[in-house]
Amino acid sequence: MSNTIVIFGASGDLTSRKLIPALYSLYLKKRLPGDIRIVGCSRSPFTHDQWRSELEVSTSNFTSKFAKDSFREFASSIFYQKVDVGDQEDFKSLFRFLDEVEPDNNPTRIYYLSTAPRFFAPAIENLGIAHRELSVSGREPELRGNLLRRIVIEKPFGTDLESAHLLNEKIHQVFDESQVYRIDHYLGKETVQNMMVLRFANSIFEPLWNRNYIDNVQIVCSESVDVGRRGGYYDSSGVLRDMFQNHLLQLLMITAMECPARFNASLVRDEKVKVLQAIKPFSSEEVRTETYRAQYDGYLDSDGVPAGSKTATFAAIKLKIENWRWNGVPFYLSSGKALAKRSTQIVIQFHDPPTLLFTDGPKEHWDNNRLIIQIQPDEGIRMRFTTKVPDAGMELRTTDLDFKFAEEFTESMPDSYQRLLLDAIKGDASLFARSDEVEFAWKIIDPIIKSWQQTQNPKLYRYHPGVAIPESCDQWMHFQKKAWCRE
Ligand SMILES: NC(=O)c1ccc[n+]([C@@H]2O[C@H](COP(=O)([O-])OP(=O)(O)OC[C@H]3O[C@@H](n4cnc5c(N)ncnc54)[C@H](OP(=O)(O)O)[C@@H]3O)[C@@H](O)[C@H]2O)c1
């Protein structure tokens, strides 16, 4: 099968740091279909060779395996076309160029929007117009519903429910939902996919995976970096839009979903959406009690951050999934910047044993059974349980069964974009967000953002850069008679 990937935003950071290195790595592993072209589009004036040379340098910096000869072989299928996505004439030139480089057998074409979000709508609209004109003259098949024409859209997908809905409407004027691939790169991570395998390809976990055995679930994404020079962008976004609406809710859906009847895009996404539908959006009183927010000291001095900004750089929220499996089990989501270490994990905290039979030694075994899925770094799975200390009466201690991907597999973990790009090429949308999924996620996050802005409740706490978790957030958890997992 013949394929063309058209990247809008070709001269940008994502293309050079992630997309081209991922495609090159797939090429080295011989996973790319033989007949493939990559056409980069942006406003900067490059010749094909100039762009190839730029990519050669960036790819050598951003891939672990790089060889000049193989890159040049790969790069012979890379082209550049100057396109302003707001200019219809440029699309005409682009399609003339595609006509020149594509074979006549109606190849699969993937349009990848790797531009700032404000260009998504004009790019889609102009693609629609260009396709319509060409299909009238018989040079292009009809666009809508044509599964050989797909569109990949980068995050962020809207800034609230209304803008996400408008963007979905705009997309659906041109593309059918089955042609749309909304990227959340967390879903491309091996450990996230492994979560589904852990649950649905083993028989020992699923019987325990419910309110009868689980006390609480913690989904935590800590970043050690601060906002750096992205202060201006970050301030208009904040931690809820940056991490919760997309990545953390995706992890929650995969943790809480029912097993789909088959592993295909529509059934997997149906089950994920049902999880979000079972979460009631917060009232403003619930926002006050069930959410926590903080800002790190020094944030206000970052470039681009307005004086007195109340933007949260750390947040924690407690969600309830009101269905038979999860009723009564709190899901704690937390994320923040400028913390002690970079780590993303899902912690399944099981109930205490019903009685404490062995009373020697410290009481730490009360919170003993815990499953930790480490998404990044040091990807792996850890199961914690209680054992006897040898030669110490009935003194107990906790022990780990510890599986690390790096110890079991010699190859380094592939970057998420490899899997996602390959799936988009193959036409498998299982790991991409569907329009209803995105809108349901906004329905949960929107009321929190609005209430934070309008009522200034709960209070915005402060924390020192470099702490594992803000102390006041520990207290917030303590108040709920729970504790954050610190492993
Ligand atoms: N960078 C990342 O690590 C990362 C991670 C996750 C998601 N994303 C998302 O990916 C997208 C791209 O991010 P980025 O960091 O690559 O942004 P960027 O470095 O600012 O690049 C933006 C690209 O858009 C092009 N562009 C701007 N105006 C254009 C126009 N009118 N017509 C055609 N092209 C235009 C720019 O090239 P010219 O100026 O030459 O036109 C440039 O190639 C964003 O939606 C971002 O949120 C990025």
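Which helix gives the most to the shell around the ligand? Helix 1 (residues 13-28) does, with three residues. Helices here are DSSP runs of H or I with at least four residues, strands are E runs of at least two, and both are numbered from the N terminus.

This is a predicted model, where local features need pLDDT of at least 70 and side-chain atom pairs count only at pLDDT 80 or more, while totals for chains, interfaces and linings use all residues. Residues are numbered from 1 along each chain as its sequence is written, and side-chain values use heavy atoms, with hydrogens and water left out.

**Around the ligand**

The ligand is surrounded by 22 residues (a heavy atom within 4 Å). Ser11, Asp13, Leu14, Arg17 and Ser44 are the closest. Split by class, that shell holds nine nonpolar, seven polar and six charged residues. Nonpolar covers Ala, Val, Leu, Ile, Met, Phe, Trp, Tyr, Cys and Pro; Asp, Glu, Lys and Arg are charged, and the others, Gly among them, are polar.

| Residue | Protein atom | Ligand atom | Distance |
|---|---|---|---|
| Gly9 | backbone N or O | oxygen | 3.3 Å |
| Asp84 | polar side-chain atom | nitrogen | 3.0 Å |
| Val85 | polar backbone atom | nitrogen | 2.9 Å |

On its own the ligand exposes 890 Å², and the protein buries 76% of that (Shrake-Rupley areas, 1.4 Å probe).

Strand 11 (residues 343-350) is mostly covered, with eight of its eight residues buried. Buried means under 20% relative accessible area, counting protein chains only with a 1.4 Å probe. In a regular strand, side chains alternate between the two faces of the sheet. Here Ser343, Gln345, Val347 and Gln349 point one way, Thr344, Ile346, Ile348 and Phe350 the other, and all are buried.

Strand 11 pairs with strand 7 (residues 214-222) in the antiparallel sense over eight bridges, and Cys221 stands opposite Thr344. Strand 12 (residues 370-376) also pairs with strand 11 in the antiparallel sense, over six bridges; there, Ile372 is the bridge partner of Val347. Pairing takes at least two DSSP bridges between two strands.

**Val239**

Beyond its neighbours within four places in sequence, Val239 is in contact (heavy atoms within 4.5 Å) with Tyr234, Phe244, Ala312, Thr313, Phe314, Ala315, Ser335 and Gly336. Gln88 is 151 residues away along the chain, and its C-alpha atom is separated from that of Val239 by 36 Å.

Methods:
Buried < 20%, exposed > 50% of the residue type's maximum accessible area, 1.4 Å probe, protein only. Polar contact = N/O pair within 3.5 Å; in protein donor to acceptor, adjacent residues only side chain to side chain.
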